[in-house]
Amino acid sequence: MENTPSHANPVLRTALLWGTAAGFLCISWVLFLHFTHNNPYGLKRTLSDFFTPVAAIGSQMVLRRFYPQGPGLGKSVGVGLLTTVLAALVAATGLYVYAQLADPSLIQQHLAEARQLLENARRIYLANPNGRQQFEATLQGLAHTPAGFAQDEFLKKLLWGVFLSIPGGIFLRK
């Protein structure tokens with residue numbers, strides 16, 4: 001049996017480390033909001049959307065240490081995308097578990113706050129062409145189940161991560 005060096009498959013190892021760390025950081029943010037009596041489903045939750053692209057860029061920078069000539073485009077973009085997917089999966093799973101275990105009245109409270117914000121912005125919606133349809137679609141699109149919150153979390157993390165990890169991988173390929 002042959003010994004494998006500790007840095008075998010550095011793309012996968014780096015993505016696993018950075019992706020899970022970013023995902024757990026997102027979960028920690030939701031828990032912090034909960035324990036500080038802030039709305040864990042509200043707008044402050046979106047501050048954690050930046051953890052994923054930062055982790056993707058960080059993993060691309062760390063990957064460069066394993067390749068003296070640079071990891072190349074495929075490995076650099078690949079580690080960023082894999083980090084993004086892992087962070088989004090961990091964060092969405094964590095939010096789903098949190099929403100299942102937390103008091104259901106928190107979701108109702110969030111929905112009441114979101115509806116109030118939308119009602120306050122109704123005049124702005126109605127000033128635009130097709131404003132009524134946009135207002136109704138936004139109102140209907142509010143997540144109201146744990147699965148809906150998890151899907152929203154996953155898509156936001158994935159979008160931001162992909163959006164910033166591809167240019168980061170191109171820049172950090174050498």
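Student: Where does H37 lie?

Tutor: H37 lies in the loop between α1 and α2, the latter being residues 51–63. Keep in mind that this is a predicted model.

Student: Why is H37 called exposed?

Tutor: The relative accessible area of H37 is 74%. Exposed means over 50%, so H37 is exposed.

Student: What is there to say about phi of H37?

Tutor: Phi of H37 is near 60 degrees. That is a positive value, in a residue other than glycine.

Student: Now G19. What makes G19 buried?

Tutor: G19 is found in helix α1, residues 10–35. Its relative accessibility is 0%. The cut-off for buried is under 20%, so G19 counts as buried.

Student: Which residues is G19 in contact with, leaving aside neighbours within four places in sequence?

Tutor: G19 is in contact with T83, L86 and A87. As for T84, G19 and T84 are 65 residues apart in sequence, and 6.3 Å apart in space, C-alpha to C-alpha.

Student: What does R132 touch, not counting residues up to four places away in sequence?

Tutor: R132 touches R122 and L126. R132 and D49 are 83 residues apart in sequence and 29 Å apart in space, C-alpha to C-alpha.

Student: On to helix packing. How do you know that α3 and α7 are roughly antiparallel?

Tutor: Helix α3 is residues 72–101 and helix α7 is residues 146–171. They pack at an angle of about 165 degrees, with their axes 8 Å apart. Angles over 145 degrees count as roughly antiparallel. α3 and α7 are therefore roughly antiparallel to each other.

Student: Is the crossing of α3 and α7 left-handed or right-handed?

Tutor: α3 passes α7 in a right-handed crossing.

Student: How do the residues of the contact of α3 with α7 divide?

Tutor: They divide into 20 nonpolar, eight polar and two charged.

Student: What pattern does the chain follow along the sequence?

Tutor: The pattern is α-α-α-α-α-α-α. There are seven helices and zero strands in the chain.

Student: How does the radius of gyration of the chain compare with that of a compact globule?

Tutor: A compact globule of 174 residues would have a radius of gyration near 16 Å, but the chain has 20 Å. Along its principal axes, the C-alpha trace spans about 65 × 40 × 25 Å.

Student: How much of the chain counts as buried?

Tutor: Of the 174 residues, 39% count as buried. That label again takes under 20% relative accessible area.

Student: What share of the contacts with a separation of 6 or more comes from residues 24 or more positions apart?

Tutor: Such residues account for 78% of those contacts in the chain.

Key. Residues numbered from 1 in each chain as written. Predicted model: local features only at pLDDT ≥ 70, side-chain atom pairs only at ≥ 80, totals over all residues. Heavy atoms only, no water. Helix = DSSP H or I, 4+ residues; strand = E, 2+ residues; numbered from the N terminus. Buried < 20%, exposed > 50% of the residue type's maximum accessible area, 1.4 Å probe, protein only. Contact = heavy atoms within 4.5 Å. Axes fitted to C-alpha atoms, helices over the stretch in contact; angles between N-to-C directions. Parallel < 35°, antiparallel > 145°, perpendicular 65-115°, else oblique. Left-handed = near helix turned anticlockwise from the far one by under 90°. Nonpolar A, V, L, I, M, F, W, Y, C, P; charged D, E, K, R; others polar. Rg over C-alpha atoms; globule rule 2.2 N^0.38 Å.
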